[in-house]
Amino acid sequence: MSGRFRLPFDLRYDKHLVAALLAFSVVSVFVLYSASGRNLSAVGSQVARYVFAFIVMFAIAQVRPETMRRYSPHIFGIGLISLLAVLIAGEIGKGAQRWLSLGLLNVQPSELMKLAVPMVLSWWVARDGIPPRARTLAIGGVLIVVPVFMIYKQPDLGTAGMILASGLMVLFLAGISWKLIIGAIIALTAAAPMVWAHMLDYQRARVMSFLNPQSDPLGAGYHSIQSMIAVGSGGIFGKGWLDSSQAHLGYLPERTTDFVFAVFAEEFGLLGVLLLFSLYAFLIGRCMLIAYYAQDAYSRLLAGALALTFFLYFFVNIGMVTGILPVVGVPLPLISYGGSSLVTLLAGFGILMSIQTHRRIVQH
Amino acid sequence: MLNIPLKDYFRETRIYGSRLTFAAGVMVLIVVILLTRLLWLQVVHHKRYVTQALANQITPVPIPPVRGLILDRNGVVLAQNYPVYTLDIIPEQVSNMAATLKKLGKLVTLTPADLKQFQHERKNHSRFENITLRAHLTDEEAARIAINRPFLQGVDLHARLQRYYPLGSFAVHLLGYVGRITEDDLRHINTAAYRGTSFIGKLGIEQFYEKLLLGKVGVKQEETNAHGRSLGVLARTEPVAGKNLILNVDAHLQAIGENALRGERGAAIVMNPNTGSVLAFISMPNYDPNPFVDGINQKAYDALLNNPDKPLINRALNGQYSPGSTIKPFLGLGALESGEVKASDTVTCHGWFQLPGDRHRYRDWKRGGHGVMDLHDAIEQSCDVYFYTIAVKLGIDYIHDWLTKLGFGSRTGIDLDNESAGLVPSRAWRRAQGERWYIGETVVTGIGQGPLLVTPLQLVDAVSALANGKALMRPELLRAIENPVTHALSYVQPHVNKPLVLDDPRHLQAIVRAMIDVVNGPHGTARGIGWNAPYPIAGKTGTAQLMTVAQNAVYHRKDVPERLRDNALFISFAPADHPQVAVAVIVENGGHGGGEAAHIARKLMDYVILGKKDKTKASQLPVANTPKEEVTPQ
């Protein structure tokens, strides 16, 4: 630990991650200022969220991975109970419900689950050793499917999918056999028509409009078309900061949240995109390194799953904005306007920092 | 985790390491895919998306042109435009529709029907679209909305010009009206020319001169946001106003005719025989065209449709009548021209005519007969037996050819659509129907009965040819086209349909002399209008049974049996020595042609010839209504 100030305790953090995240917070503030139509109060609340999320991240970074491992099942349990509470409240309220109101604080249990699922799976798989045995896998599967199903029921297809992915990442990193992976992919493909049959109308409309955005240009395909226009019209050099006509004239929907990348790409062009991608590459690369050098099974699985899930967020969002993936409602991590997902993300980086700074043998 | 066996630890590290490396490889692949996609969007197809982004922002908004005015020859406005305001709502921009409607209800009158219509429209339109809540706001209502607009999110006030006929039903059969563009219209118009306009000429002058009246649509390139709200105008192409049309019609003369025929069913056309200029074009009864502009309601339309007087029928244009005795001067001229009949040839009239070998008696209108008749006397006294005799002598085919030369049986080419052509029978015509011609029909054709049908337009056109002695003119309603900006006038030139070619001009003089005596002679059938006329009139009376009201077969079948009285006709021109005016009048079921029909013709001719001295003419025009009184919200 270097620094001019000596804290009364040893503050653990990873300077690479902190530097990258600070850079992201600056980019986020500038992009949101433009995307929100120079709304300073929106920018202000994003800054406040970043500050809060940083505090959470630093706090979590101080917790030993061993402690996290021990309490993983408890956290998961709390998550399940609050999900159940949300579902029941939604049932009574006759509508979609994702929030649990705890007085001043609105808690979104699905956000907690984004961390709790990889944590409990890492705990469960690590307990048995790598590669996991069949029984471990079966129970692990249940640990994934139960919360995913409950979130899907909210209904929040995007988050359910991401959580499912984060759980599967743990299993993948734990070394489940390729046969099983390929078999599962084949089975899923076969089950696709059944999934389709159980999807809600708006979900189907999104998939349909992904396959052919022009089929309903003012309805479900509208998002895709307008976002592609924004990205494409940005060109190589972009239209310049604050000059996104698509966003400022209101053509681009959800321009501060799910489609903020379209604003970025329109204003800063391909060159800006390359810079942003480099920043993501640096951040994800650092996470991958941390995962690679982690020293026990729990830390490895959790760090790896968090890194891969973060990448998946990035991929799904950019894919959606550029029209190669359906519009599923996944925000661009670290840039999009939005409270709880930012806190969750930085909490995840807190876990990674904890894993990085609590290693017993420092190799590098 | 401290007691993990070392061997397992290495195996674990190997598996985990390989999986993590694999994942890293997949990530790189995905990033390459994303970058390729971005390259595709931002570089390869950049131009296309720039175009689309601009198309998003810039909406071409049509600016409808001002429709040309229609004026009479003295500048009396017959069709004009006035601004109306409509109250529109874009539902997407209204957060609380119930509250907004309540607020609007306090500012303007909203009937339950308005609200019901609005809710209905809402269901049928997308949320982004403008829906009209109320049309025809009063100035006061429009002002109240304008003041409160900042508090009325999603509510808009639109001004547009609406067609208006200030004199109401006056001259409707001549002017026609505009109405909303229908699906039917869309099939044969250039829709680009009608952008921003929802009206099109449906009848009359409005229909015939649609292209001149319409003008050219302008366009403004408006920068809009995604809600369609205008942020500013980037470029503007001004619309070109439609041309003003100045008619030959004299509104005062038209009013004299309409008033004279009020309460009757009939038609009257006044024409300058030398040029074909139509000075009055009267068909009565008439109706108010104003409700048709915005779409007349079914009840009011049914009332017009089912009115036994059939006000919707344009009798001057589409009424096809038996000419009765008004055909006699034309046949007389034909007889002289044929060379088979001399003016001095006489026929003795005993009150009836018989074909050789046939006992059927064709009666004269005068029971005891007229005695010895030459052509002059036969026209003056309208002797039927004389014309039965010469009709048989000439034969139906000669009569057909001759009447066709005078324009009967074909359209005059007046500047109105859907003119009726009448019917001049012949043996060939009958054969085409698969039947044969009976000589008895030739006999009655001599007095303008039988299958022969003429329109008031053909009558006035043919009598004009007798008046000018030179040609059949094309009747023209339009006098001049006025450029609304420069006020430059371009006049319509007289058009000769066909010259009147005669073997001997004395034949025509003989006929005209006879027609003068119809009005002025001691035995003339129209001497009732001649004895006190300060100028010489040439005319001919006619009395005929109505055969058909034409146009729509559904009407006349119901109509004819109710009305069996004779139609009264009168054709004339004056002054007989140097004609300035020609008239054809028909009064359905009006009895004898020398009566009411002749008196109406006299009034019309008086105005044209003595007009300047007529002090009452100003009072003849109906009072122009202001739009607000006339047009009630639909």
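Helix α10 (residues 251–261) and helix α24 (residues 596–610) of chain B pack with their axes 10 Å apart and at an angle of about 165°. Because angles over 145 degrees count as roughly antiparallel, α10(B) and α24(B) are roughly antiparallel to each other. The model is predicted, and chain A has a mean pLDDT of 87. Chain A and chain B touch through 39 residues of chain A and 33 residues of chain B.

**Packing of α10(B) against α24(B)**

- The crossing in which α10(B) passes α24(B) is right-handed.
- From α10(B), the residues that take part are B:H252, B:L253, B:I256, B:G257, B:A260 and B:L261.
- Their partners in α24(B) are B:I600, B:K603, B:L604, B:Y607 and B:V608.
- Sorted by class, this contact of α10(B) with α24(B) comprises eight nonpolar, two polar and one charged residues.

**Helix α16 of chain B**

- Helix α16 of chain B spans residues 384–394 and is mostly covered, with nine of its 11 residues buried.
- The buried residues of α16(B) include the run B:D384, B:V385, B:Y386, B:F387 and B:Y388.
- B:T389, B:I390, B:A391 and B:L394 are also among the buried residues of α16(B).
- Just after α16(B), B:G395 adopts a positive phi of about 85°.

**Chain B overall**

- Chain B contains 26 helices and 23 strands.
- Buried residues amount to 42% of the 634 residues of chain B.
- Of the contacts in chain B between residues at least 6 apart in sequence, 74% link residues at least 24 apart.

**Packing of α5(A) against α6(A)**

- In chain A, helix α5 (residues 134–152) and α6(A) have axes that come within 8 Å and cross at roughly 170°.
- That angle makes α5(A) roughly antiparallel to α6(A).
- The crossing of α5(A) past α6(A) is right-handed.
- The contributors from α5(A) are A:L137, A:G140, A:I144, A:P147, A:V148, A:I151 and A:Y152.
- On the α6(A) side, the contact is formed by A:L157, A:T159, A:A160, A:I163, A:L164, A:G167, A:L168 and A:L171.
- By class, the contact of α5(A) with α6(A) has 12 nonpolar and three polar residues, and no charged residues.

**Interface between chains A and B**

- The interface brings 39 residues of chain A into contact with 33 residues of chain B.
- On the side of chain A that touches chain B, the elements that give two or more residues are α6 (157–173), α9 (222–234), α10 (245–248), α11 (260–293) and α12 (297–321) of chain A.
- The residues on this side of chain A divide into 24 nonpolar, 13 polar and two charged.

**Chain A overall and confidence**

- Chain A has 13 helices and two strands.
- Of the 364 residues in chain A, 49% are buried.
- Among contacts in chain A with a separation of 6 or more, 71% involve residues 24 or more positions apart.
- In chain A, 88% of the residues reach a pLDDT of 70 or more.
- Confidence in chain A is highest in α11(A), at 96, and lowest in strand β1 (residues 100–102), at a mean of 61.
- Where pLDDT is low, the predicted coordinates should not be read in detail.

Notes
Residues are numbered from 1 along each chain as its sequence is written. Chains are lettered from A and ligands numbered from 1 in the order in which they are written. This is a predicted model: local features need pLDDT of at least 70, side-chain atom pairs count only at pLDDT 80 or more; totals for chains, interfaces and linings use all residues. Helices (H or I, at least four residues) and strands (E, at least two) are DSSP runs, numbered from the N terminus. A residue is buried if 20 or more other C-beta atoms lie within 10 Å of its own, exposed if 12 or fewer, and partly exposed in between; C-beta atoms are placed from the backbone. Two residues are in contact if their C-beta atoms, placed from the backbone, lie within 7 Å. Ala, Val, Leu, Ile, Met, Phe, Trp, Tyr, Cys and Pro count as nonpolar, Asp, Glu, Lys and Arg as charged, and the others, Gly among them, as polar. Axes are lines fitted to C-alpha atoms, for helices over the stretch in contact, and angles run from 0 to 180 degrees between N-to-C directions. Angles under 35 degrees count as roughly parallel, over 145 as roughly antiparallel, 65 to 115 as roughly perpendicular and the rest as oblique. A crossing is left-handed if the near helix is turned anticlockwise from the far one by less than a right angle, and right-handed if clockwise. pLDDT is the predictor's confidence in each residue, from 0 to 100.
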